[in-house]
Amino acid sequence: MINAVGREIPDELLEDGQEVYQGKFYMDGKYVKKDSPRTKRYEKPLESKLCESIREACEKCGAHDGMTFSFHSDFRNGDYVASMVAKVLVEEMGLKDLTIAATSLGSAQDIIADYIEAGKVIGIQTSGVRGRIGEVISAGKLKTPAVIRSHGGRPRAIEAGEVHIDIAFLAASTSDYYGNAKGTGGKNNCGSMGFAVPDSHYADHVVVITDTLVDFPNLPATISSIDVDCVCIVDSVGDPKKIATLEARMTDNPRELMMAENVANIIASTPYFKDGYSFQTGVGGPSLAVNSFLEKHMVERNITMGFALGGMGSAICKLQDKGLVKKLLDTQDFDLGAIEHLATHPEHNEICTSQYANPSNKGAYVNKLDFVVLAALEIDTKFNVNVITGSDGVLRGAPGGHPDTAAGSKCCIIVTPLVRGRMATVCKDVVTVTTPGDCVDVLVTDYGIAVNPLRSDLIACLDKAGIAHVTIESLMEKAYSLVGTPDDLEWEDQAIAIVEARDGTILDVVRKIKPLQLD
Amino acid sequence: MISRPKPQKNRLRRTMMFMNAQKPGLIKDAYIYGSDSIILDLEDAVAENQKDAARFSLYHALKNIDYGNTEVIVRINGLDTPHWQEDIRCVVAGGADGIRIAKCESAKDVKLVEEHVLAAEREFGVEEGRTILMAALESPLGIMNAYEIVTASPRMFGCAISGGDFRKSMHVQIVKGGIEMLAARGQMLLAARAAGVQCFDTMFPNIDDMDGFQAEVMQNREMGFDGKSIVSPKQIRFVHETFAPTKKEIAYAEKLIRSFNEQADAGVGVYTVDGKMVDIPFFEDARRILALAKACGVYEENL
Amino acid sequence: MEIQKPALAGTLESTDAQVSVEPFAHGIELSIESSVMNQYGRQIKATVLETLERLGVKNAKIVVIDKGALEFTLKARVECAVFRSVGTSEKNIPWGGLVK
């Protein structure tokens, strides 16, 4: 069946009420009966929930073949816990047919790629598929199609029971012996642990894993002890150098600065840029540079930001300290400055992924976003964006909050160079749709700016401000004139990954790539 | 093949950015960075045993990349090497705007290059006289001969000093404030102005030392240079801003021009503006400033 | 042109291509490895063969290791490798003629 972004979805995936993507607010107004976990009653008092080892915790929680277990990725590339647990389950306990439901997977979890190849892990549900895991899934080694969800789509799926987690293994910077846990105050801090919260409420069993035991009660806590079965202490939950950087630095690449300045000018030209406006923050590429160019406009017009939403770095924290930002709503922290700031500043608040971006609750914060600035691997002439597959067809990225913020915000701006090496970013059709074009408003490249024709209001804003723009088709032609028009990729029939839209409908399918054979 | 406009001797050259001809991924975006000129290098950036490969890369880079309004100059190898003749053939056939003669020391050097350029223009069907020339002065003798060098050919549009080699031959180190280069810079500027051509300062190699860079650029401006060689796009913005006339200079120039127009109508040639006596050279300079300001994009009026 | 000795041009840096040629008795034997094989493999092959034909090379063993080179970079590397293999890459190149 062909869906609303023109993608062919195999019929065999459309069983049990599974639908195809039908537009950005298709599920608005519908009702959902939430799932609930099957939890053990701990009526008899326990002195402590500490276990001798991860294995003991797994046995206590009834780890078994065929189960689904979960992790969160707030420790980012420095996380040790996911790999540690997977090793215990597969190598020590010899379990198999496992499904992993993580918030994201990357090179820190490369060992799981081995388990996929060995057939021990048969299902993956995640946002990110970076590193070897992506390569191995693209090669068709995972027994069932991987399910790719955004940060908002994951809690939605968990609440609706589409993903049922048997055991959630939640890494934490500190915990007491009862399971009150959070991401600050320990040896290796990650700051916000917002990714872990939905798991703690919906998994049948919850294991907290920390390297810093603190006095009871460890309050206020992100993970509440009433949801926790076991607590494990390990030497280290992660590599401090890779969890957070010293300070996330703004780019000094002149091309990126030029694009960032253009983005700031576009933002300032819209009517949403007024006192109290909101902004999605990130740490990638030009995002920090955009904030720094916006600062100028804010001071000139005496405007303060009402709230910043998303991933935090020192730069936005400093803006808040300067009085230019009222509140920070934090899902993850990228550098040590932000982690410290979270622990001390009263208006710097941790939020969970459901509050952040879940489309099926009663109003996530992305719905109140004015601006979001995002990157893209590819964007096509219908403004569909691909952030998951390279133009060689191999899985290598993550939707993250991309689809959620694009759908919720008033003005979604994609900023990217026109070509990367010999790969055209602006293309005729993206390899995979991860954010549908009806959610994407403006494209800023180093060769020009294009506005989605659906937004005639924004076109008028740019014209009024004297900001030149061109058609996205002309940008595509320029890209192809530089690198040559690529041949279409060829695919096998086998679907190796399903890309879900944030509302749970199927947005696209990634198939196994058929490598080009030259005779 | 993208056709290029005819090279102009007198044009904005505030920044001349060195680029490696063998890195097309960077060159193809040169005009985005906004440098006034780029210098594709066949000399120091290319290893001795890769000179032939660099030419093939250069030829195709000249023929296939759209440079927009950015001027394209090629630095050929020195006249004491076995490479410069084939360099000239390649550059002219490829259609570059001009040639930078490295290690230029005498009028004879210029005439030799000019001879081969003309022969190449004839061989490859390029309009005779199209390719313009500049000299890089890298030795004491080159600096001493600056005037004869810049007047040696009608193709000459300017000269530049190349600090690295020059300092070595003078037995000096880089000194804050630039006194070790003062005499050389001064002499070169005198020669260029006397000959009516442009003059460019040497590149500042330490990209991370922004303070040192900015100090040197401001001194360049005060001494009267037309532009500067740069090695990174990060250096472009500050040079462009510094070399553009200031609002104050523009306002004063406008005042002079307006008053000149009034007084000329009344038949007066010398008078005072703001308490200072002004005559014809002032007005010519005022016009030059407004033209420069317009070219730099900081002046929109039409005086 | 007749390939006389083995020759190499280009590097393995991103957006470049390394081309090596060797004498060979029976026509053109071409092998290509590329970081953008699926999207541009066919075009890379066509460019290499077209360049060899333009240079009049009928017999050669060519190995191309491409790291996402733009088309004209690839041409430049093939031409340079061929001229080097004939020993005439330093002077009197037919710019605008065989090299286009």
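Two salt bridges are counted between chain B and chain A in this predicted model. In one of them, the side chains of B:Asp29 and A:Arg255 come together at 2.9 Å, N to O. Helix H2(B) supplies the largest share of the side of chain B that touches chain A, namely three residues. Polar contacts across the interface of chain B and chain A amount to four residue pairs, both residues being at pLDDT 80 or more.

The interface is summarised below.

| Quantity for chain B and chain A | Value |
|---|---|
| Residues of chain B in contact with chain A | nine residues |
| Residues of chain A in contact with chain B | ten residues |
| Area buried between the chains | about 850 Å² |
| Part of that area on carbon and sulfur atoms | 52% |

On the side of chain B, the most area is lost to chain A by B:Lys28, B:Ile32 and B:Lys234, which together account for 52% of what that side buries.

Within chain B, the strands S1-S2-S3-S4-S5-S6-S7-S8 form a closed barrel of eight strands with parallel pairing. On average, neighbouring strands of this sheet are turned by 25 degrees against each other, direction ignored. Strands S2 (residues 37-41) and S3 (residues 71-76) of chain B are joined in the parallel sense over five bridges, and B:Asp41 is placed opposite B:Arg75 in S3(B). Helix H5 (residues 107-123) of chain B lies across strands S4, S5 and S6 of chain B, at about 150 degrees to S5(B).

Helix H11 (residues 236-243) of chain B is largely enclosed by the rest of the structure, because six of its eight residues are buried. Among these are B:Ile236, B:Phe238 and B:His240. Their cover includes strands S1 and S8 and helices H2, H10 and H13 of chain B.

Note on methods: Residues are numbered from 1 along each chain as its sequence is written. Chains are lettered from A and ligands numbered from 1 in the order in which they are written. This is a predicted model: local features need pLDDT of at least 70, side-chain atom pairs count only at pLDDT 80 or more; totals for chains, interfaces and linings use all residues. Side-chain values use heavy atoms; hydrogens and water are left out. Buried means under 20% relative accessible area, exposed over 50%, partly exposed in between (1.4 Å probe, protein chains only). Helices (H or I, at least four residues) and strands (E, at least two) are DSSP runs, numbered from the N terminus. Contact means heavy atoms within 4.5 Å. Two strands pair if DSSP finds at least two bridges between them. Axes are lines fitted to C-alpha atoms, for helices over the stretch in contact, and angles run from 0 to 180 degrees between N-to-C directions. Buried area is the accessible area (1.4 Å probe) that two parts lose on being put together, summed over both. A salt bridge is a side-chain nitrogen of Lys or Arg within 4 Å of a carboxyl oxygen of Asp or Glu. A polar contact is a pair of N or O atoms within 3.5 Å; within protein, one must be able to donate a hydrogen and the other to accept it, and residues adjacent in sequence count only if both atoms are side-chain atoms.
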